[in-house]
Amino acid sequence: MRRERSPGTKLMLAGLAAAVLIVPLLMVYALVYDRENRSEQAQAQIAQGWGGPQTVTGPLLVIPYLTQVVQAETVDGVVRERRQQVRRELFVSPQRQTIATRLDPDRKGYAIYQSVVYSGALEGTARYALTSELDRFDITQEDLLFDEAELRFGISDTRGLSDGASVSADGESLDLRPGNGPAATGGSGFSAPVSGWDGEGALDASWSYGLRGTRAISLVPRGGDTEWRVTSPWPHPSFTGGYLPEPSQSETGEDGFTAVYPGITNLALGQGLLAVTDQPASPAPGQFGEAEASADRPATIGLVEPVDLYSQVDRAVKYGFLFIGFTFAALLMFDIVGGARVATAEYLLTGAGLVLFFVMLLAFAEVIGFALAYLVAATAIIGLLTAYSAAILGTWKRAGFIGAMLAGLYSVLYVLLNEETYSLVIGSLLLFAALAGVMFATRKVDWSAVGRNEEDALA
């Protein structure tokens, strides 16, 4: 009569079966990554027809001017200086500007994927004046070509511009021209020629336009003082970038949010109001990280999804080995302590069911949402493994324990996925409880002893 394996051998075989299941878990992890990439590609397709994440800036007043430059040239071995008149541009930032933005969110779908889009309405005012900084650049008002001045508005993706844009200066409506935006948006945007201002006093401009975009909007502030106010019925905003809204003046709730950036000054920006290049000063390297040390620092508001299903499934897969370990530990205890025989193949089939849960979770989550998909996948796998456990463990009472344990594990996992702050604490306590239970159940097991033979088990 064949003798049973020792408890130590059974433990080793269960551990090997668990190790083998790492491979399909990694394959599921790669599947999540692939589906996430497909989702991003679908969102890019939506953005192509609607408009991507938008970055706006301006308006920036640009005034061409003429200046003399001295060039050295060598003729017959003699170095001579030659004066040449060249045309350059003076960039005037507003002394003060106010911008009001309204974002109306919506969802656009491509196949089974969706992306958050918005229709925005932007309006604002700005005041410009020539300051004493003009002398620093050795420019006089007589050098400035005021009749060729223009206001430049920066929009990163002009496909999102809608009809109804208007710009006025000192009460006079201006014509709009495509392109020629500020450098902060890569030259993308539109411009409006200004006439009738001679540099004396202040120039007051007002403007408005509609803008469509996807997921986020950013503002690159320019000027002596920039105030930005954003309202939207979207309840899940994300505030990032180089500047954050004032908490005391901003609100976020189920009915939406109001974000107020009360005053971003040129002292904070590290910029003067006048410049001869359209390249705002950048922060010192290391001040805001290497990635931002050579670029403008916009204020960004994102319309984020309350639950990113791919990040949720990704986190769930990382707990996959925990599920395998708990289930295998329970089967091993029934094998060693309870007298039920569990073959290596039965460990592998049980583990395959546990891995299948994550595949089902991903597949259904893309169609019916994460919470409902989690319920469907967990119910299916708990029912499957409970029925299978009744066959391999011999009684429905033991199978009921496996089913109850899995139900508890899936419940705890759902809490872990929605409670990022204390997930590590909860997980570590769960592992401690499992280890303590295994130690208690096997406290009298002689791991090296050969167990009963089949004849003894039937006696």
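Helices (H or I, at least four residues) and strands (E, at least two) are DSSP runs, numbered from the N terminus. With that in hand, welcome to this protein chain, whose secondary structure comes to eleven helices and 17 strands. The model is predicted, so local features need pLDDT of at least 70 and side-chain atom pairs count only at pLDDT 80 or more, while totals for chains, interfaces and linings use all residues. Residues are numbered from 1 along each chain as its sequence is written, and side-chain values use heavy atoms, leaving out hydrogens and water.

**The chain as a whole**

- Of the 459 residues in the protein chain, 44% are buried; buried means under 20% relative accessible area, exposed over 50%, and partly exposed in between (1.4 Å probe, protein chains only).
- Contact means heavy atoms within 4.5 Å. Among the contacts in the protein chain with a separation of 6 or more, 76% join residues 24 or more positions apart.

- Helix 6 covers residues 320-336 and has 17 residues. From its first C-alpha to its last it reaches 24 Å, close to the 24 Å expected at 1.5 Å a residue; the expected span is 1.5 Å times one less than the number of residues.
- Because 14 of its 17 residues are buried, helix 6 is largely enclosed by the rest of the structure.
- The axes of helix 6 and helix 7 come within 10 Å and cross at roughly 150 degrees. (Axes are lines fitted to C-alpha atoms, for helices over the stretch in contact, and angles run from 0 to 180 degrees between N-to-C directions.)
- (Angles under 35 degrees count as roughly parallel, over 145 as roughly antiparallel, 65 to 115 as roughly perpendicular and the rest as oblique.)
- Residues of helix 6 that meet helix 7 include Phe323, Phe328 and Leu331, and those on the helix 7 side include Tyr347, Leu354 and Phe358.
- This contact of helix 6 with helix 7 divides into nine nonpolar, four polar and one charged residue. (Ala, Val, Leu, Ile, Met, Phe, Trp, Tyr, Cys and Pro count as nonpolar, Asp, Glu, Lys and Arg as charged, and the others, Gly among them, as polar.)

**Helix 7 and helix 8**

- Helix 7 (residues 344-368) and helix 8 (residues 370-393) have axes that come within 7 Å and cross at roughly 160 degrees.
- Helix 7 and helix 8 are therefore roughly antiparallel to each other.
- Among the residues making this contact are Leu349, Phe357 and Met360 of helix 7, together with Tyr374, Ile381 and Leu385 of helix 8.
- The contact of helix 7 with helix 8 holds 21 nonpolar, two polar and one charged residue.

- The 23 residues of helix 9 should span 33 Å at 1.5 Å a residue, which agrees with the 33 Å between its end C-alpha atoms.
- Buried residues of helix 9 include Ala399, Leu406 and Tyr410.
- Arginine 398 sits in helix 9 (residues 396-418) and is partly exposed, with a relative accessible area of 24%.
- Twelve residues separate arginine 398 from threonine 386 along the chain, and their C-alpha atoms are 9.0 Å apart.

**Two threonines to find**

- Threonine 344 lies in helix 7 and is partly exposed, at a relative accessible area of 30%.
- Leaving aside neighbours within four places in sequence, threonine 344 is in contact with Leu13 and Ala17. The C-alpha atoms of threonine 344 and alanine 17 are separated by 6.8 Å, although these residues are 327 residues apart along the chain.
- Threonine 258 belongs to strand 15 (residues 256-265) and counts as buried at 18% relative accessibility.
- Not counting residues up to four places away in sequence, threonine 258 touches Arg229, Val230, Thr231, Gln249, Ser250 and Glu251.
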